[in-house]
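User: I'm new to this one. Could you pick a single residue, take a close look at it, and then tell me how the whole thing around it is built?

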Amino acid sequence: MIESAPHKKAFYASWQVAAQGVSMLLASGFGYVLTTQLSQEALESWGWRVPFFVGLLIGPVGLYIRARLEETEEFISTTKSKSPLGELFSQHYGRLLAGSAAVGVATISVYMILYMPTFAVKNLNIPADAAFLGGVVAGVITLVTVPMIGHLADRVGPAKVMTWAAVGALVLAWPLFKLMTSNPSIPVMVLVIALLGVIMSFYFGPLPALISALFPAAIRGSGISVTYNVGVTLLGGIAPLVLTWLLSITGSLETPSLYYMAIAVISLVGLAFIRLRYKLR
């Protein structure tokens, strides 16, 4: 999307993130419908499999697109690398590490939003069906706002917009969790998740453009893939386990905010390195 975009590259790339808002909306929507329409026994025996079955339907679409997708002019015109992965790890490891750190706030925000229903049900006694409403709201916010944020990133720079969002995550994490734990109600929970969705949108929307600009065209596919997956695995994928562990050893319901703040600091360091070392704005 970046290499094919004639202009407004951050705007075009942001639609990939906006599409993830659709997936968040569908995931939370399925959770809401299944918990309200099925008995607990039916939900545990077969209902939980329904979203996974629907998710498989995207497979043929992906294969169809990939089979008909042509290489971009930028890639065709560049000198090909004989070993993209080897070149990535030997010559661009700084970009890899900085990019992985920069992924942090994006991935932890997604996992935090998806973790919220479990947190609200187990710790705040909020009904399971209502807990999924926050995810629906966050999905709609992502879908609607991310393209506008992509347009903003084209004007002022992806790294700058992401830095603003990371600072917002660092400053607001504790107050948001304190607000929800002090006022455990459905409206407050939806409000908190919606605000997390706004932070995620401002941070995640410009991310594809920034990570793409970080690597030369010859190794861009490998660079983006490894960078994104390392960041997601180390900073976001283990979040539910870490958050559950933190809650168990501290007993404080505000503890998840500390992990969120720690990831924000890591991302700010990565963004600062990208801006200073690689001159990406």
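Analyst: Let's start with a word we'll need: a residue is buried when its relative accessible area is under 20%, exposed when over 50%, and partly exposed in between (1.4 Å probe, protein chains only). By that cut-off, 45% of the protein's 281 residues count as buried. Keep in mind that this is a predicted model, where local features need pLDDT of at least 70, side-chain atom pairs count only at pLDDT 80 or more, and totals for chains, interfaces and linings use all residues. Numbering runs from 1 along each chain as its sequence is written, and side-chain values use heavy atoms, leaving out hydrogens and water.

Our residue is Thr107, which sits in helix H8, residues 104-124. Helices here are DSSP runs of H or I with at least four residues, strands are runs of E with at least two, and both are numbered from the N terminus. Thr107 is buried, as its relative accessible area is 5%. Leaving aside residues up to four places away in sequence, Thr107 touches Gly231, Val232, Leu235 and Gly236; a contact means heavy atoms within 4.5 Å.

Now zoom out. Of the protein's contacts between residues at least 6 apart in sequence, 83% join residues at least 24 apart. The protein has 15 helices and zero strands. Its C-alpha trace spans about 60 × 40 × 35 Å along the principal axes.
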